[in-house]
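This briefing goes through a structure topic by topic. Please keep the sequence and the 3D view open while reading.

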Amino acid sequence: MSDLRDLYQQLIIDHSRNPRNFRESNHANHIKEGYNPLCGDKITLYVDEEHGLIKDICFRGVGCAISTASASLMTEALKGKTVEEALQIFQDFQRLVTESDYDKLEEIKSRLGKLAALAGVVEFPMRVKCATLAWHTLKAALTNDQEKVTTE
Ligand code: ZN
């Protein structure tokens with residue numbers, strides 16, 4: 001179990017130092033900003049969606065290691081997925097940081113793969129908002145929600 005923890009920690013460090021898909025896009029048809037005032041994390045998410053398929057997804061922003069790693073892992077996981085699949089993964093991810101039933105949690109983790117690296121944030125309630133910021137921004141982007149995205 002501690003090996004897995006180490007692996008998860010390394011993944012987070014790697015993705016926060018060296019975020020994937022960290023760029024702007026001039027062909028995105030969904031652009032959304034998100035803000036977590038508790039920590040100061042800011043993200044702009046770019047999604048290029050065609051016929052329900054996420055052809056490209058990338059982000060820019062400034063934030064803590066957790067928010068950056070989460071956005072990086074999210075973009076990596078969602079590229080090439082359908083919008084429907086992405087929203088399903090969003091639900092799993094939300095449950096990852098809220099589910100208290102051990103068996104259900106293990107099942108969710110196995111479905112999420114690398115994204116499960118962020119499961120450890122549940123021990124730090126303040127960090128949950130950092131980890132979910134990119135995801136809330138994604139949901140608003142995909143559903144064309146006009147509201148400002150803030151974790152408050
Ligand atoms: Zn943060």
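Helices (H or I, at least four residues) and strands (E, at least two) are DSSP runs, numbered from the N terminus. Leu45 is found in one of these runs, strand E2. The model is predicted, so local features need pLDDT of at least 70, side-chain atom pairs count only at pLDDT 80 or more, and totals for chains, interfaces and linings use all residues. Residues are numbered from 1 along each chain as its sequence is written, and side-chain values use heavy atoms, with hydrogens and water left out.

**Zinc site**

- The zinc ion has the protein donors Cys39 (SG), Asp41 (OD), Asp41 (OD), Cys64 (SG) and Cys130 (SG), at 2.2 to 2.6 Å from it.
- Donors are N, O and S atoms within 2.8 Å of the metal (3.2 Å for Na, K and Ca); water is not among the atoms, so sites may look incomplete.
- Along the chain, the donors of the zinc ion have the spacing C-x1-D-x22-C-x65-C.
- Asp41 is in strand E2 (residues 41-50) and Cys130 is in helix H5 (residues 125-142), so this pair ties together parts that are 89 residues apart in sequence.
- Asp41 counts as buried at 1% relative accessibility, and Cys130 is buried with a relative accessible area of 1%.
- Buried means under 20% relative accessible area, exposed over 50%, and partly exposed in between (1.4 Å probe, protein chains only).

- Two packed helices are described by the angle between their axes and the distance between the axes.
- Axes are lines fitted to C-alpha atoms, for helices over the stretch in contact, and angles run from 0 to 180 degrees between N-to-C directions.
- Helix H2 (residues 65-78) packs on H5 at an angle of about 35 degrees, and their axes are 8 Å apart.
- H2 passes H5 in a right-handed crossing; a crossing is left-handed if the near helix is turned anticlockwise from the far one by less than a right angle, and right-handed if clockwise.
- H2 contributes Ile66, Ser67, Ser70, Ala71, Met74 and Leu78 to the contact, and H5 contributes Arg127, Cys130, Ala131, Ala134, Trp135 and Leu138.
- Contact means heavy atoms within 4.5 Å.
- The contact of H2 with H5 has 9 nonpolar, 2 polar and 1 charged residues.
- For these classes, Ala, Val, Leu, Ile, Met, Phe, Trp, Tyr, Cys and Pro count as nonpolar, Asp, Glu, Lys and Arg as charged, and the others, Gly among them, as polar.
- Ser70, in helix H2, is buried with a relative accessible area of 0%.
- Apart from neighbours within four places in sequence, Ser70 is in contact with Phe93, Leu118, Ala131 and Trp135.

- H3 and H5 pack at about 150 degrees with their axes 10 Å apart, which makes H3 roughly antiparallel to H5.
- Angles under 35 degrees count as roughly parallel, over 145 as roughly antiparallel, 65 to 115 as roughly perpendicular and the rest as oblique.
- The residues of the H3 contact with H5 include Phe93 of H3 and Trp135 of H5, and they divide into 10 nonpolar, 3 polar and 1 charged.
- Helix H3 (residues 83-96) and helix H4 (residues 102-112) have axes that come within 10 Å and cross at roughly 135 degrees, which makes H3 oblique to H4.
- H3 passes H4 in a left-handed crossing.
- Among the residues making this contact are Asp92 and Arg95 of H3 and Lys104 and Lys109 of H4.
- By class, the contact of H3 with H4 has 6 nonpolar, no polar and 5 charged residues.

**Strands and loops**

- Leu45 counts as buried at 0% relative accessibility.
- Not counting residues up to four places away in sequence, Leu45 touches residues including Ile57, Phe59, Met74, Ala134 and Leu138.
- Gly61, in strand E3 (residues 53-62), counts as partly exposed at 33% relative accessibility.
- Gly61 touches Phe22, Lys42 and Ile43, not counting residues up to four places away in sequence.
- His51 is in the loop between E2 and E3 and counts as exposed at 80% relative accessibility.
- Phi of His51 is near 45 degrees, a positive value in a residue other than glycine.
- Asn144, in the loop between H5 and strand E4 (149-150), has a positive phi near 55 degrees and counts as partly exposed at 46% relative accessibility.
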